[in-house]
Amino acid sequence: MTQAPSFKQALDALLDEVNLIPAPLMQRFSDLEAEDLKSLHSVWKKVSLPRKLSLLEDLETLAEADSLVSFENLGKALLSDPDTEVRARAIQLLVECADVKLVPIYLDLLHHDTDPKTRAEAAWILGLFIYKCELDEIPASLCKEIEDNLIQVVGSDEPAVIRQRALESLGSSSRDEVPALIETAYHRKGPGWMSSALCAMGHSSDERWEKYILAHLLDQDYDIRSEAVIAAGKVGLSPARMPLLDLLADEEDPDLRRQIIWSLSEIGGEGVRVEMENLLETETDADELEFLEDALENLLFTEDINNFNLLDLEDTDKDE
C-alpha cells in the first residue's frame, strides 16, 4: 500500500518555484490541522507572490472539481495575510463556508481593507450569508447587520466595483429597500451597473424582473448577456426557453454555452430535454459530457418540481 504524502513534502513542493506541485501534494492542503497551519506559516514568507497566487488558484479549481477536498482552514488563515491579492484569493476558497464567525472579519475587510478588489470580494462573499438569512439559518440580528452594511455601501461613494458586488449580494435579500436599489442600478450609467443589476435580479428569484431579464438575453455586451442568461435560469423564466434554445444554436463561446444549457435545465419545458440529449450524443469531450450529464440530472429535478406544481394546481381546480 502506497503511503500518503506528508505535508512536509507538500511544503517542499511549494518552495520549489520551478516545478508544478503534483496533484497528490495539492490535496494535502485540504483540511489542514493547527500543526499543519503552523508549519505553513513558517515557510509562507519564503514563497514568492506569483507562486502563492498560483497555488491558491489551483486549489480553487481543485475544490470546484472535487467535493471531497476542503481548503476552508487555509482560506481562514490567509484572510489576514499582509498581501492584498492573497487575501482576495483566500476569500474565494471560502465560497461555501457559512461560518458566522467569519462575518465580522468580512465586514472589517469590506470597510477597512486597503485594496478595493479585496473589499469587493468581501462584499461578494457576504451574499452567501444573505442567502442563508433567507433560509432562516442565521440569527435575525446578524442578518440585519449584514444587510444594513451592504445597503450602506451601495448608497455610498465607494469605488463602483465594491458597490456593485454589494448590490449583487443583496439580491437574495427580502428587505423592502432592495428592489428599488436594483432598479436604480439597472438604469445607472457606467460600466458594470446593468450586469450587477441583472445578477441581483437572478439572486432574487423574483419574476417581477422578467421584462428586464428577457430584454437582454441577446444583448451585444457579453457580460450583460451572460448575466441575463444566468438570471433567466435562476428565476425560472419559461418565456426565456425559446430565446435560449435559439441562442444555444448560434453561440460559440464555450462558457456562455454552458450558462445557456444550465439555465435551460432550470427552466425546462418543451424541447429542452431533446436538445440536451442531442448534445450528449454528439459531444466527445469528457468534461463537457460530465457537464451535460449534470445538466440533465438538474433538468430532471426541474421537471419533477414542475410536474408537482402542475398536479397541485389541478387539485386546487378540483377543490374549487
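**Pockets, cysteines and salt bridges**

The largest pocket holds about 1,200 Å³ of space. Its lining is made up of 32 residues, and those closest to the centre are Val95, Glu96, Trp124, Ile125 and Leu128.

Before going on, the ground rules. This is a predicted model, in which local features need pLDDT of at least 70 and side-chain atom pairs count only at pLDDT 80 or more, while totals for chains, interfaces and linings use all residues. Residues are numbered from 1 along each chain as its sequence is written, and side-chain values use heavy atoms, with hydrogens and water left out.

As for the pocket term, the search runs on a 1 Å grid over the protein atoms alone, and a pocket is an open set of points where a 1.4 Å probe fits, with protein on both sides within 12 Å along at least five of seven lines. Lining residues have an atom within 4 Å of a point. Points are joined across faces, edges and corners, and the volume is the space filled by probe spheres set on them.

Which helix gives the most to the lining of the largest pocket? That is helix 8, with 8 residues. Helix 4 (49-65), helix 8, helix 10 and helix 12 (193-204) each supply at least two lining residues. Helices here are DSSP runs of H or I with at least four residues, numbered from the N terminus. By class, the lining of the largest pocket has 11 nonpolar, 11 polar and 10 charged residues. In this scheme Ala, Val, Leu, Ile, Met, Phe, Trp, Tyr, Cys and Pro count as nonpolar, Asp, Glu, Lys and Arg as charged, and the others, Gly among them, as polar.

The second largest pocket has a volume of about 830 Å³. It is lined by 19 residues, and Ile230, Lys234, Arg258, Gln259 and Trp262 lie nearest its centre. Helix 10, helix 12, helix 14 (222-235) and helix 16 are the elements that give two or more residues to this lining. Helix 16 gives the most, with 6 residues.

Next, the cysteines. How many disulfides does the structure hold? The count is 1, where a disulfide is a pair of cysteine sulfur atoms within 2.5 Å. Cysteine 133 and cysteine 143 form it, with their sulfur atoms 2.3 Å apart. The pair links distant parts of the chain, with cysteine 133 in helix 8 (residues 116-134) and cysteine 143 in helix 9 (residues 140-154), 10 residues apart. The angle about the S-S bond is -110 degrees, and the link is left-handed. Cysteine 133 is buried at 7% relative accessibility, and cysteine 143 is buried at 7% relative accessibility. Buried means under 20% relative accessible area, exposed over 50%, and partly exposed in between, with a 1.4 Å probe and protein chains only.

Cysteine 97 is buried, at 4% relative accessibility. For cysteine 199, the closest cysteine sulfur is in cysteine 133, 17 Å away and too far for a bond. Cysteine 199 is buried as well, at 12%.

Last, the charged pairs. A salt bridge is a side-chain nitrogen of Lys or Arg within 4 Å of a carboxyl oxygen of Asp or Glu, and by this rule the count comes to 16. Aspartate 113 and arginine 87 meet in one, at 2.8 Å, N to O. Aspartate 113 lies in the loop between helix 7 (103-112) and helix 8, and arginine 87 in helix 6 (residues 84-92), so the pair ties together parts that are 26 residues apart in sequence. Aspartate 113 is buried at 11%, and arginine 87 is buried at 8%.

Arginine 258, already named at the second largest pocket, forms a salt bridge with glutamate 288, the closest N and O atoms being 3.0 Å apart. Arginine 258 is in helix 16 (residues 254-267) and glutamate 288 in helix 18 (residues 286-319), 30 residues apart. Arginine 258 is partly exposed at 29%, and glutamate 288 is partly exposed at 24%. Finally, salt bridges that share partners join Lys144, Glu147, Asp148, Arg175 and Glu177 into one network.
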